[in-house]
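Please keep the sequence and the 3D view at hand while reading.

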Amino acid sequence: MKDYSAESIRNIAIAGHAGSGKTTLAESLLYKAGASDRLGKTADGNTVCDYDAEEIKRKASLNTALASFEYNGIKVNLLDAPGLFDFEGESVEAITAADTVLITVSGKSGVKVGTEKAYEKAAALGKAKMFVITKVDDADANFYNVLTDLKTVFGPTVCPVIVPVISDHKVVSYVNLIEMKAYTYDEKGNAVETEMPTAEISEKMDYRLDGLIAAFSEAVAETDDELMEKFFEGEAFTQKELVHGLHKGMNSGVITPVVCCSDITMGCIDMLLKEIELLMPSPADCPPVAATSGDDITETHYDSSAPAAGFVFKTIADPFVGKMSFIKVMDGVIKSNGDYINATTGSPEKLGKLYTVCGKKQTEVASAQAGDIVAAVKINAATNDTICASNRVISFEPIEFPKPCFSMAVNAKAQGDESKISAGLQKLLEEDKTLAEFRDPDTKEEILSGLGEQHLEVAISKLKSKFGADVVLTEPRVAYKETIRKKVKTEGKHKKQSGGHGQYGHVWIEFEPCVSDTLVFEEKVFGGAVPKNYFPAVEKGLQDSMKKGVLAGFPVVGVKAILVDGSYHPVDSSEMAFKTAASIAYKEGMKQADPAILEPIGKLSVIAPDDNTGDIMGDLNKRRGRVVGMNPVKKGYTCIDAEVPMREMHSFTTQLRQITRGKGSFEMEFLRYEQLPSNLVADVILSADKSE
């Protein structure tokens, strides 16, 4: 594949709700452009973009796949993104790297949450957008109802460009409003021009077509003063003016074209390829991208003559090929075997071979110009890193990924696999920035966090298939603690005689509640009842004992211990004896000091649609939560702040997704410990006994 300049490149992400036909659309575009010799199907597991073993098994996209191809003198970099909410991070990567986002909308089910999320993300990043209504030839599809929904949800920027002609609930032809021509398609997806629809062909089509043309012309007129003047004078636009207006409107965000396509006949795929060439902005049409150079702000312009700079937007961990890094060239020319600087780490970066990628097929290239996307193998740079020429070290703003919100404990199936699991997890964390792994300091469990249950299931499947590490996931244990609620004074005496030197240690210790995460130790011994050299042994005995409470064996906090009296033997006393005596006093003291179990409380912030706030607060009440505030955050959304016991929150990710249909999100962090309600104590003690 030859080098392409920024003017001849189109970077396109295909995003939308799960099941809306993203991968099928990508497959049709590749086949029609001649980049694939067969038309694969997701259900058959033979598509270009869904090539991962997990994707084939689950018959759904789980990763963003790059499929680059040449068409009519341009290079198209397609980024097929998953629609499942658990893999939102992949979609964010694709939209970030793209210049245009094709948002698929099912002609059967219409606008869904995934549609809105893709549009909002594209708008937030300033990307051009186009809606593709899929499955229009399905018996249950209704293109014009979906078009109305799009206008209702997304406003007047929605502009139909290719529409179906429907008669007796069947698509009989398609009208391209730019060309003002109608086409039918044979079983091989070849277009045949036909007559424009009349009332005899399709009821009300004359009236509907007039309205569509008027709306289309008005949208184009909004992009240019001269076109607006011509529109008001009632003059029809030329085809060149329509293309120019749509191209300009897409690039500025004032027009979101709507096209349709058929899954059965591949109808309109050829026209969509034309729209990609004529309407969609190239990197050269896109606004400059801000970058930082030390403390200074600079810009890149997709200029091939500038010093090289590339942004790593995605990483794939492959046990055979090694780490593969996807790079969008922001300026200059990135060359194979070139020497660069990693602006994020400051270390040198040696590139080896570069590849252009179409699914799992890799084609070696010598270089890539500004605006292009290539893959590099076995480099040190990670996702969000910038590699650049040494004479201009700049870095780009990192991708903001969704934060992990669902956690499970990772347990090895076989002893001795711990190192293999750890190495595999590190590779997965390099690949997926929405995964997080840490060791809980209280429960000593290895915790894996992600965006949902399915996300973690796929992660451990990859861990086994790619890195040979077999694990099981269990619900994480709650990090309870124990404390005391009243002041007591207890005796601890350790006396043992077994021939020769005996063992003798004797202490009186006062225990009382205090505010502290660790033991507070004091001594108020008078008259040398306990020699000073044994004070550290007493304290050490208490510290060791506080690792386990008397109720359920949880660590103990909030205790102040005062050594007030005791006795010793000049021969038989030892540090070990006083350490044991302190332990005896502790056990007796804890029982008498009204022990209690403490549970961790989390600070929760939920962002959800206004319509769902009542249901969410009801759910939080069931979880023993306390709502402490509500604030509007953006149009139609409210932030609910609450304090909730963390033991009740394991299923909240799934529940919130159900209540809000995937629109809600939340963050939670540890806040403090509070006393566990008495009605739950027995259950917690029983669970602790079973886990030992």
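Which helix gives the most to the lining of the largest cavity? In this predicted model, that helix is α11, which contributes four residues to the lining.

## The largest cavity

At least two lining residues come from each of the helices α3 (88-97), α10 (418-431) and α11 (453-467). Sorted by class, the residues that line the largest cavity are six nonpolar, four polar and four charged.

## The second largest cavity

For the second largest cavity, the volume is about 40 Å³. The residues lining the second largest cavity number 10, and those that lie nearest its centre are Lys2, Lys75, Val365, Ser367 and Asp372.

The lining of the second largest cavity divides by class into four nonpolar, two polar and four charged residues.

## An enclosed helix

Helix α9, which covers residues 269-278, is largely enclosed by the rest of the structure, because seven of its 10 residues are buried. Buried here means that a residue has under 20% relative accessible area.

The buried residues of α9 are Ile269, Asp270, Met271, Leu272, Leu273, Glu275 and Ile276.

Terms used
Residues are numbered from 1 along each chain as its sequence is written. This is a predicted model: local features need pLDDT of at least 70, side-chain atom pairs count only at pLDDT 80 or more; totals for chains, interfaces and linings use all residues. Side-chain values use heavy atoms; hydrogens and water are left out. Ala, Val, Leu, Ile, Met, Phe, Trp, Tyr, Cys and Pro count as nonpolar, Asp, Glu, Lys and Arg as charged, and the others, Gly among them, as polar. On a 1 Å grid over the protein atoms alone, a cavity is a set of points where a 1.4 Å probe fits but cannot get out, and a pocket is an open set with protein on both sides within 12 Å along at least five of seven lines; lining residues have an atom within 4 Å of a point. Grid points are joined across faces, edges and corners, and a volume is the space filled by probe spheres set on the points. Buried means under 20% relative accessible area, exposed over 50%, partly exposed in between (1.4 Å probe, protein chains only).
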